Each structure stands twice: as C-alpha cells, then as structure tokens.
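Trainee: Could you take a close look at one residue for me and walk me through its surroundings?

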Amino acid sequence: MLIQDIKPAYLEPVPQSFAALMDLYEANYIRLRQLCPELGDLQGEYVSRVAGAMDLHLEVLEHTPYTSTARLTYLFEEPDGTRRSPDLLVRMFHDARQVEVLGRHCRPLDANITVEDLPRQRSLACKWRLNRFLFKWLGYSLRQGHRFHLPETDTPAAGLPLEIAP
C-alpha cells in the first residue's frame, strides 16, 4: 500500500467544508500568536520593523473578555495620502483559539452553483479566501522576522509602539 501525503485542508485552494474553515481559523490563531504573543495585553498602534522588509502595522482596536479585534496592514505613502494594503480587520477568539478575518467583501463565485446553494457557498468561499490569505500573509510575515511585543520587552525595533505626540 502506498502512503499518501495528507495535507491539512486549509492548504487547499477551495473550501472543503465548514470544519476545514474552523481548522483554518485555528491555524491563523497559532500564527497570529507567534507574530503577537501578547495581543490580549496590547493597546493602541504598533509597528514591526525588519531590515529589508516593509514595516508591518498592527492596531489593536478592542478587547472583550473573550476576544481581541485588531487591524493588520502595510502603509503606502502616495501623493494623495496614505493607503493601507492589505488592510485586514481580524478578531481573535481567545477561548476558542481561533482567528477570523472580519468585514471584507468577495467577488461572485462560479456560475455552476445552484440558487439554493448560493448564500451558503458564497459565505463559505468568501471566508475561505480571506482567511487563507491571512494564513499565507502571517506565514510570510513570520518568515521575514516580524514580531509584536509589549513595550517592556527588550527586543530592539521589533513591534515597538508608535510614538504619539502629547
């Protein structure tokens, strides 16, 4: 009997099931915790600077007893102002140990989907694409060496809070 390489479902380009989406949320939680171990304790805006890479910006927007909501982005200076791209709003569920991308819109899906399946399939496929992108982006950021730490951590120039004028 041949041994087949079994890949985790979240590495597939299309959603397999709701359970696979939950696995992807868990994988994103693990990666976000590697990028920002103390997310539940951070407040405000932070930037991670790595030589040879773009600055990665984190803005912690909200904490509740079971969740934290944050924005993860790059900032691009343009003639008409600053542009954020990608600009992802993410919610970390501390109790469930999952991370989900919030508040984005997706393009229509394949025309082979029936009308009855459309709302469920559109929602699953949209969440899959957004969260799979987050999975890949977090992995890329970690490989570059990005990290966010509390200000007391003596890691130079990594994830320091932005300076705010009094």
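Mentor: Let's take Thr73, which is buried, with a relative accessible area of 1%; buried means under 20%, exposed over 50% and partly exposed in between, using a 1.4 Å probe and protein chains only. Keep in mind that this is a predicted model, where local features need pLDDT of at least 70, side-chain atom pairs count only at pLDDT 80 or more, and totals for chains, interfaces and linings use all residues. Residues are numbered from 1 along each chain as its sequence is written, and side-chain values use heavy atoms, leaving out hydrogens and water.

So who surrounds Thr73? Leaving aside residues up to four places away in sequence, Thr73 touches Asp55, Leu56, His57, Arg84, Ser85, Pro86, Asp87 and Trp137, a contact being heavy atoms within 4.5 Å.

Now the strand itself: Thr73 sits in E3, residues 67-78. Strands (E, at least two residues) and helices (H or I, at least four) are DSSP runs numbered from the N terminus. On one side, E3 runs antiparallel to E2 (residues 56-63), joined by 6 bridges; two strands pair if DSSP finds at least two bridges between them. His63 has Ser68 in E3 as its bridge partner, and a hairpin of 3 residues connects E2 to E3. E3 also runs antiparallel to E4 (residues 81-93), with 11 bridges. There, Phe76 stands opposite Arg83, and the hairpin from E3 to E4 goes through 2 residues.

Zooming out, the chain has 2 helices and 6 strands, and 34% of its 166 residues count as buried.
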